[in-house]
Amino acid sequence: MSLGRRHIAIIGPPTAGHINPLIALGTPLAATGHRITFVHMAEVEPLVPASGVGFAPLNHTADRQGALAAHYRALAQPSGPVGLPRMIRSTAAMTDLLLKALPATLLKLGVDAVIADSVEPAGALVAQHLRLPFVTAVTGLPLHREPMVPPPFLGWAYRPDAVGRNRNHGGYAVSDLLMRPITRLVSDYARRWDLDPHRRDRWSERLQIAQCPAALDFPRTGLPTSFRYGSRWRSPEPSDNLPQDNDRPLVFCSLGSLQGARRSLFAALTAACAAVGARAVVAHGGGLRDDEAASLPGNPLVRAFWSQTQILPRCSAAILHCGFNTVLDALAAGVPIVAVPLAFEQPATAARLRRIGAACVLSPAEIRRGALEPALKRVLSDPGYREAARVLASDMALAGGATEAAAAVEAALYGEGATPARVA
């Protein structure tokens, strides 16, 4: 396959939190003449923003109508003795679908390279199977395992002493046990395709490009030479009719698209904003009915979605579940955060925000006990929180975002010395 064809497939999870930054990364590549295609189950197509990036369905018998909604239901309840195993099984089933369908789909599309999200092992494994060059896109926290860095799904503080290392070792052991449905699946396919079934990860040796700023992460000593930190990958947002509320500070409140149905938690957030003399700006991601949104206390401004890059610079603080993209948007605007992590890597992101001084971190249980109002007062009144956020904003502004990341991807895949694609 000729290098001149330059058709790159993007493979990642079917959620907005991963799709949006991946499309932002692919758009500059499309602008330079490459053909970029996000490949997933047919129901994902409406989630792919309009840009220069195309979409291709898997066209596999296992790609069934309703499967995406069922997967979202599992992701919306990801904790507890029932919810966590169910979420892992659903994630394994999604990876299984991709492993079944991607080889034939990528061959039919004439793909000659892959951008693989670090949390979806199917992209890298299929690229290796087809002998296609690939790069790893790190849309969230770096997942590299190091003895002094806690597992990326736990809200533990960075502790580089023996106690911390022992604690982390135990955390990774439990994580490995929980993730066995996925690791077994990947190992089985690797064995079937004559690849190493014992590899813990399949990230690219060419390039691992992250939108995480280096200053946000815990200190690292074992990152591979192919790894590069960066800053947020964001597509331009359309102009929005933004609120004018000069008599009260605005506080942006978001629980993301998967957790946006938590009306009682939103009510606690909007009530706390009103209690400190602020007005909540709520983004519920389509999770609330109109009557639920209208019943939130404190006269908040409520929408399913806001143009975050436009509304956050007008806000004095943000109350966030610590979805990675919204955190980066808040930091880029220099906005301090009250972090309310709920699931996935959100506790680990919150731990990093606490360490750099840009956030006060609360659990939902602490909010039920009345801790949100004093925490929000502290974040609004203590200039140290805003100063820490502004330091990150300055670092991110110098990092180049999606444009610089796309240039690194292009160089890794097609630059001088890059290995051409070989299709098995």
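Asn299 is partly exposed in this predicted model, with a relative accessibility of 49%. Asn299 sits in the loop between α8 (290-294) and β10 (301-303). Its phi is positive, at about 55°, although Asn299 is not a glycine. Most residues other than glycine have a negative phi.

Cys322 also has a positive phi without being a glycine, here near 75°. Cys322 belongs to the loop between β11 (317-320) and α10 (324-332). Its relative accessibility is 1%, so Cys322 counts as buried. Asn299, by contrast, is partly exposed.

Aromatic contacts come next. The structure contains three aromatic pairs. One of them joins Tyr158 and Phe218, whose ring centres lie 5.5 Å apart. Their planes meet at 35°, so this pair is tilted. The label follows because planes under 30 degrees apart would count as stacked and those over 60 as edge-to-face.

Phe218 is buried, at a relative accessible area of 2%. A charged residue also meets this ring. Arg352 lies over the face of Phe218, 4.0 Å from the ring centre. Phe218 thus takes part in a tilted pair with Tyr158 and has Arg352 over its face.

Phe227 and Tyr229 form another aromatic pair, this one edge-to-face. The centres are 4.9 Å apart, and the planes stand at 80°. The angle is over 60 degrees, so the pair falls in the edge-to-face class. Phe227 is buried, with 9% relative accessibility. Tyr229 is partly exposed, at 24%.

The charged end of Arg192 sits over the Tyr189 ring, 4.3 Å from its centre.

His40 is part of strand β2 (residues 35-40). Its relative accessibility is 0%, so His40 counts as buried. Leaving aside residues up to four places away in sequence, His40 touches Gly12, Pro13 and Pro14, along with Phe55, Ala56, Pro57 and Leu58. Met94 and Leu98 complete the set of contacts.

Conventions. Residues numbered from 1 in each chain as written. Predicted model: local features only at pLDDT ≥ 70, side-chain atom pairs only at ≥ 80, totals over all residues. Heavy atoms only, no water. Phe/Tyr/Trp six-rings, centres within 6.5 Å; stacked < 30°, edge-to-face > 60°. Buried < 20%, exposed > 50% of the residue type's maximum accessible area, 1.4 Å probe, protein only. Lys NZ or Arg CZ within 6 Å of the ring centre and 35° of its normal. Helix = DSSP H or I, 4+ residues; strand = E, 2+ residues; numbered from the N terminus. Contact = heavy atoms within 4.5 Å.
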